[in-house]
Amino acid sequence: MALLAVANLMAAAAPAYPVLLAARVLTGVSIGGFWAFAAGLGPRLVPERAVGRATSIILGGVSVASVLGVPAATFVSSFAGWRSAFAAAGCWRWPCSRCWPRRCRR
């Protein structure tokens, strides 16, 4: 999540197209990494009897965030510009990266 926040803030402040492209590549790498470990997070957070439900909630939340995030960013960028959409995403994700339970940060 921290890499995703940095990549979005980097995209917001990009002075040239190659920097924006690098920021978007970092965004893709971080989202791919997040999807890769999100499914395995459920067993680490809940008792064994609740693993299936926890995993479905985690993956459902990631899916809903993906589906709602794009229209939200489009809405913000239509009023305040594309840089503000990236800045808002980066500023939102930075505190979220600090909210992970300590036992998940091994």
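Which pattern does the chain follow, read along the sequence? The pattern is α-α-α-α-α. That comes to five helices and zero strands. Helices here are DSSP runs of H or I with at least four residues, strands are runs of E with at least two, and both are numbered from the N terminus.

A word on the source. This is a predicted model, where local features need pLDDT of at least 70, side-chain atom pairs count only at pLDDT 80 or more, and totals for chains, interfaces and linings use all residues. Residues are numbered from 1 along each chain as its sequence is written, and side-chain values use heavy atoms, with hydrogens and water left out.

Now the whole chain. Buried residues make up 25% of its 106 residues. Buried means under 20% relative accessible area, exposed means over 50%, and partly exposed is in between, with a 1.4 Å probe and protein chains only. Next, contacts, meaning heavy atoms within 4.5 Å. Take those with a separation of 6 or more: residues 24 or more positions apart account for 60% of them.

On to α4. It has 30 residues, and at 1.5 Å a residue these should span 44 Å. The expected span is 1.5 Å times one less than the number of residues. The end C-alpha atoms of α4 are 42 Å apart, which agrees. α4 also bends by about 30 degrees at Gly 69, and Pro 71 follows within four residues. That bend is the angle between axes fitted to the seven residues ending there and the seven starting there.

Which residues of α4 are buried? They are Val 51, Ala 54, Thr 55, Ile 58 and Val 62. They pack against α2 and α3. After α4 comes Gly 81, with a positive phi near 95 degrees.

Next, the largest pocket. About 1,100 Å³ of space lies in it. A pocket is an open set of points on a 1 Å grid over the protein atoms alone, where a 1.4 Å probe fits, with protein on both sides within 12 Å along at least five of seven lines; lining residues have an atom within 4 Å of a point. The volume is the space filled by probe spheres set on the points, which are joined across faces, edges and corners.

The lining has 31 residues, and Leu 4, Ala 65, Ser 66, Gly 69 and Arg 93 lie nearest the centre. α4 gives the most, with 11 residues.

Last, Ala 88, in helix α5. Ala 88 is partly exposed, at 40% relative accessible area.
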